[in-house]
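Hello,

Here is the structure I promised to pass on to you. Please have a look at it first, and then read on for what I found in it.

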Amino acid sequence: MEPWIQLTLRVLGLFLLLVLVLPILGRKPVSGMTFFDLISGFVIATMISLIAFNIVGNLAMGVSGLLIWFLALGVVRFLIQKSKWAHDHFYGKEIVIIKEGKVLEENLHSTGITGEELLSQLRRKSIFQLADVEFAVMEANGDISVLPKHEKQPLTPKDMRIQVSTISEPQIVVLDGNILDEPLNTLGLNRRWLQTEIEKMGIATDNIFLAQVDSMGELYVDLFDDAIQLPMPTTKELLIATLNKVEADFISFSLETENKEWQKKYKHMAKEIKEVTDKLEPHLKT
Amino acid sequence: MTVATQVKQTQAALMGVEATIRTYQLHHPNSDTRKLMEECNAGINAVLDTLSIRIREIEYEEHQFKGL
């Protein structure tokens with residue numbers, strides 16, 4: 001066989017091997033890799049390169065070596081799932097470095113980073129004052145996870161005692177110009193509903209690049225033609241505005257009418273409408 | 001006496017609101033929110049009933065505003 005045919009076959013063969021065996025390496029993102037993962041990766045890379053360029057000589061030996069390495073990795077993965085000891089050994093335990101606002105010096109020392117490094121890592125997380133930290137832990141891959149003190153955490157609606165509605169994930173109903181039926185059905189809608197909504201907005205179906213529907217059934221559309229300006233969906237704001245107007249109308253009716261009984265009734269109706277508006281408002285704020 | 005057209009406009013607006021809330025109620029994934037919207041609509045319907053009584057009274061007293 002010609003040498004270059006040999007080379008092509010070898011390289012493609014190794015490529016295919018890698019693709020097939022890769023799943024055992026798991027799904028960790030690059031930032032979550034430990035030193036072990038890194039070295040392991042280099043070993044695999046070197047082995048493959050050497051085999052590809054026939055530096056190893058005997059192809060069978062080369063590929064066997066690679067497969068043994070993969071096998072070992074597979075066994076380790078399995079062990080890590082089953083045994084806590086194995087997990088701690090390969091991935092290391094997290095080490096607590098700050099607890100209740102105080103730095104645990106011995107633990108910090110055991111991680112191998114200095115106080116200066118610690119402060120630097122905190123700064124990278126936008127924390128410039130050690131006093132702002134309640135709890136910090138160093139993960140197995142060297143990243144520091146920080147829990148700021150409660151008063152330094154961003155405000156949440158819960159803190160403000162503001163009631164908010166639960167929102168579900170929005171569904172993508174049109175992608176790259178194609179209508180997706182499954183998400184529509186998940187929301188309990190169909191193509192005809194989509195047609196009607198699009199006609200209401202006055203655009204052509206084939207002009208739509210992307211469309212999303214939120215949990216309240218509100219449609220947001222992105223067109224291929226970027227020159228067209230679409231009005232932002234305002235049904236929810238309109239609803240609140242209309243309710244406010246109705247309440248105001250009732251108040252003015254109560255002032256205009258001479259009938260004493262209806263004066264009272266109009267005022268009562270205005271109050272009812274106000275109650276309804278207040279109940280509804282948090283859910284229309286999405 | 002309040003002008004009948006104004007009252008009828010308010011009635012129409014309120015009916016529109018009720019319909020929109022009903023649409024949202026059908027679509028919302030959260031059952032508590034759906035219940036809340038049902039309650040809101042019940043309140044709105046009560047107001048609409050009272051309002052229609054008043055409209056009938058006005059129409060009775062001022063025949064020219066009858067209709068629609």
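Predicted model: local features only at pLDDT ≥ 70, side-chain atom pairs only at ≥ 80, totals over all residues.

On the chain A side, 34 residues take part in the contact, and chain B gives 28 residues. Five residue pairs are in polar contact between chain A and chain B, both residues being at pLDDT 80 or more. Sorted by class, the side of chain A that touches chain B holds 16 nonpolar, ten polar and eight charged residues.

There is one salt bridge between chain A and chain B. You can find it at A:Lys279 and B:Glu39, where the closest N and O atoms are 3.4 Å apart.

Now to chain A by itself. It contains ten helices and eight strands, and 28% of its 286 residues count as buried. If you take the contacts in chain A between residues at least 6 apart in sequence, 47% of them join residues at least 24 apart.

One helix to look at is α3 of chain A, residues 59–82. Its 24 residues reach 35 Å from the first C-alpha to the last, close to the 34 Å expected at 1.5 Å a residue. Buried in α3(A) are A:Gly62, A:Leu66, A:Phe70, A:Leu73, A:Val76 and A:Ile80. As background for reading that list, an α-helix has 3.6 residues a turn, so residues three or four places apart point the same way. The cover over the buried residues of α3(A) includes α1 (3–21), α2 (35–52) and α4 (84–91) of chain A.

A:Ala52 counts as buried because its relative accessible area is 8%, under the 20% cut-off. Beyond its neighbours within four places in sequence, A:Ala52 is in contact with A:Leu7, A:Arg10, A:Val11 and A:Leu14. As for A:Arg10, 42 residues separate it from A:Ala52 in sequence, while their C-alpha atoms are 5.8 Å apart in space.

Best wishes

Methods
Residues numbered from 1 in each chain as written. Chains lettered and ligands numbered in written order. Heavy atoms only, no water. Contact = heavy atoms within 4.5 Å. Salt bridge = Lys/Arg side-chain N within 4 Å of Asp/Glu carboxyl O. Polar contact = N/O pair within 3.5 Å; in protein donor to acceptor, adjacent residues only side chain to side chain. Nonpolar A, V, L, I, M, F, W, Y, C, P; charged D, E, K, R; others polar. Helix = DSSP H or I, 4+ residues; strand = E, 2+ residues; numbered from the N terminus. Expected span 1.5 Å × (residues − 1). Buried < 20%, exposed > 50% of the residue type's maximum accessible area, 1.4 Å probe, protein only.
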